[in-house]
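I opened the notebook to look up a few backbone and strand details. My entries follow in the order in which I took them.

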Amino acid sequence: MEICLKIKKVDKTNFAPFGEFHYRPQGKISFECERFNWYDRITAVDLGVASFGMVSPSYTGKFEQVALEQHKNTKEIYIPLDNDIIIVVAKPDAFDKERFHAEDFAAFHIPAGSMVIMHEGIWHEAPMTFASRANVLVIYRDKTGQDDKQLIEMKDCNISIKAVL
C-alpha cells in the first residue's frame, strides 16, 4: 500500500492531534532591555530527567519515510536550529488496525527556530530536510531510546509513505 502525504505548513491547529507547535517567541515579553527580550514559560513539559540530543538530516532528493518509532511514555521535542525540516507522524493506533488509513498519518513542514512537542505514543522518526543539512535539537525523557522505543520498518508492513509538496 502506498500513502502519499501532502506536506502541510505546520500551525497550532493542524498539529494539535499530534502535539504542540510553537513558532518563535510569541505573546507577552517577560523581561525587556536594550540587549534582549526574554519570554518566560513559552510552554512547560514534564519530562522528568531530560535528555538532549541532536539529529542532522541530509537532503536525499526524496521524502520517503522508511521507518517510524514510538515512545509510549514520553513526549519528544524537535527544535530545528538552522534549516527547515519535514516530519512524518502517525497517530498512536495507526499500526493497530487491519488496514492503514491515510488520515492516521501526516507530514509537516517545520520552520527553523520553531518547536514541536509530540505527544506520547505519536509515531515519528528522524526528520527530513529541504536543505543540504539541518541541525535539530531533540529533547525527551532520559533513556527513552533504550527503555521506551518501538521501531517499525515500513517495508515489513508492506506500506510506502511518501511526503509530497
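Entry 1. I looked up Asn 158 and found 61% relative accessibility, so Asn 158 counts as exposed (exposed is over 50% relative accessible area, buried is under 20%, and partly exposed is in between, with a 1.4 Å probe and protein chains only). I placed Asn 158 in the loop between β14 (150-153) and β15. Its phi is near 55°, a positive value in a residue other than glycine. I noted for background that most residues other than glycine have a negative phi.

A note on the source: this is a predicted model, in which local features need pLDDT of at least 70 and side-chain atom pairs count only at pLDDT 80 or more, while totals for chains, interfaces and linings use all residues. Residues are numbered from 1 along each chain as its sequence is written, and side-chain values use heavy atoms, with hydrogens and water left out.

Entry 2. I turned to Lys 143, which has a positive phi of about 70° and is not a glycine. Lys 143 lies in the loop between β13 (136-141) and α2 (144-147). I took helices (H or I, at least four residues) and strands (E, at least two) as DSSP runs, numbered from the N terminus.

Entry 3. I asked in which order the strands of the open sheet stand. The 6 strands run β6-β15-β1-β10-β9-β12, with mixed pairing. β6 (64-65) and β12 (128-129) are at the edges with a single partner strand each, so one side of each has no neighbour in the sheet. I counted two strands as paired if DSSP finds at least two bridges between them.

Entry 4. Within that sheet I checked β1 (residues 2-9) against β15 (residues 160-164), and they pair in the parallel sense over 5 bridges. Cys 4 stands opposite Lys 162 in β15.

Entry 5. I then looked at β11 (residues 114-118), where 5 of 5 residues are buried. Ser 114, Val 116 and Met 118 are on one side, and Met 115 and Ile 117 are on the other. I noted that side chains in a regular strand alternate between the two faces of the sheet.
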